[in-house]
Amino acid sequence: MNKKITVIRGDGIGPEIVTEAIKVLDKVCEKFGHSFEYTDILMGGCSIDACGVPLTDEAVATAKAADAVLLGAIGGNTSTSPWYKLEPKLRPEAGLLKIRKELGLFANLRPALLFDELKDACPLRAEIAEKGFDMMIMRELTGGLYFGDRRTEVVDGLETAVDTLIYNENEIRRIARKGFDIAMKRRKKVTSVDKANVLDSSRLWRKIVNEVAKDYPEVELEHMLVDNAAMQLVRDPAQFDVVLTENMFGDILSDEAAMVSGSLGMLASASLNDTKFGLYEPSHGSAPDIAGQDKANPLATILSAAMMLRYSFDMDKEADAVEAAVSTVLKEGYRTGDIKAEGCTVVGCRQMGDLIASRI
Ligand code: IPM
Ligand code: MG
């Protein structure tokens, strides 16, 4: 099969980790007889430096014309980088929000699991880690607080800021459907997370999720308040299968779930619209402190590329092969610095990419 992939290398460690993911994709092409055509676009700080904005309309058009987008990471150090002296809509992150909105990527899938080989890295007590966990955080990505009207103004002599949390029933219904569809392919449980004891938007969320649930009688649905969910994630993460939630709660809980897994450098993500099109990126950030030193862990990006094969290209065998290669290399004891453990061989970003490619 021929596929067109738009590539966003981005900032910080982005270019290094994307290079390794492409190395692995090229090996998949060679082994399985596919051809992938890559087109680079700029987004984030590098786009600000080159074009004055974090994402140009031409770049969006290029991404739209592709079958999928592979993204490394964007942004810099928020205290020291000049990008953060610009007005908010010109900062690197505005590019990410724009591409999500322009491409209609409303469903963000963030798997958080405890890799068997990395159980020692789990920061939870041994008896909790022992049980393992494997959840999929389904975060609504183009609505809610991050896209509602916002302004800062002086009211009665006081500087006052307003952000708006807005959802309509259709926005809730389509992410809920995706959540239940994914649950059907997993352990058939959905935990819908909201703050329905306080927020109207959460009460509507709960009502629509209950309606959608009627079409999925095999899936067990529970509702959980977000503060309780944050606590349950560290108390007993094994209870979760699909965690379905709105934009900001998903942003926060997915970082918490990633940390609990002890291997942020391993976690992939996919952002999907209603078609097969998707944007694939690691769950971690651009780590500017280690950029360009061959220290970054490329596995989350490589596993994101595997998600691309599975969800956008229907290449399940190929995705399995990439995931199996990651597992093999970990079993063989190779680790990047962020997940190193006693008795393991520490390798750099490039060597990790070489090892994965060679096991496919
Ligand atoms: C994420 C990031 C972004 C978000 C930021 C960079 C805008 O934290 O992908 O989780 O909040 O969506
Ligand atoms: Mg986040």
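The following conversation goes through some named features of this structure and the definitions behind them.

Student: What should I know before I look at the model?

Tutor: This is a predicted model, in which local features need pLDDT of at least 70 and side-chain atom pairs count only at pLDDT 80 or more, while totals for chains, interfaces and linings use all residues. Residues are numbered from 1 along each chain as its sequence is written, chains are lettered from A and ligands numbered from 1 in the order in which they are written, and side-chain values use heavy atoms, with hydrogens and water left out.

Student: Why are α11 and α12 called oblique to each other?

Tutor: Helix α11 (residues 316-331) and helix α12 (residues 349-358) pack at an angle of about 120 degrees, and their axes are 8 Å apart. Helices are DSSP runs of H or I with at least four residues, strands are runs of E with at least two, and both are numbered from the N terminus. Axes are lines fitted to C-alpha atoms, for helices over the stretch in contact, and angles run from 0 to 180 degrees between N-to-C directions. Angles under 35 degrees count as roughly parallel, over 145 as roughly antiparallel, 65 to 115 as roughly perpendicular and the rest as oblique, and α11 and α12 are therefore oblique.

Student: Which residues meet where α11 packs against α12, and what classes do they belong to?

Tutor: A325, V326 and V329 of α11 meet M352, L355 and I356 of α12, where contact means heavy atoms within 4.5 Å. The contact has six nonpolar, no polar and no charged residues; here Ala, Val, Leu, Ile, Met, Phe, Trp, Tyr, Cys and Pro count as nonpolar, Asp, Glu, Lys and Arg as charged, and the others, Gly among them, as polar.

Student: What makes α6 and α7 oblique?

Tutor: The axes of helix α6 (residues 169-184) and helix α7 (residues 200-213) come within 9 Å and cross at roughly 45 degrees, and α6 and α7 are therefore oblique to each other. Their contact divides into ten nonpolar, no polar and four charged residues.

Student: How are α1 and α11 arranged?

Tutor: Helix α1 (residues 14-32) and α11 pack at an angle of about 130 degrees, with axes 11 Å apart, and that makes α1 oblique to α11. V24, V28 and F32 of α1 make the contact with K317, E318, A321 and V322 of α11, and by class it has five nonpolar, no polar and two charged residues.

Student: What makes β2 and β9 edge strands?

Tutor: The open sheet of ten strands has the order β2-β1-β3-β12-β11-β4-β5-β10-β8-β9, with mixed pairing. Two strands pair if DSSP finds at least two bridges between them, and β2 (35-41) and β9 (220-225) each pair on one side only.

Student: How do you know that β11 pairs with β12?

Tutor: Five bridges join strand β11 (residues 268-272) to strand β12 (residues 278-282), and the two run antiparallel. In β12, L279 is the bridge partner of S271.

Student: Why is the pair of K98 and D57 called a salt bridge?

Tutor: A salt bridge is a side-chain nitrogen of Lys or Arg within 4 Å of a carboxyl oxygen of Asp or Glu, and the closest N and O atoms of K98 and D57 are 2.8 Å apart. The pair links distant parts of the chain, with K98 in helix α4 (residues 92-102) and D57 in helix α3 (residues 57-64), 41 residues apart. A search of the whole structure finds 30 salt bridges.
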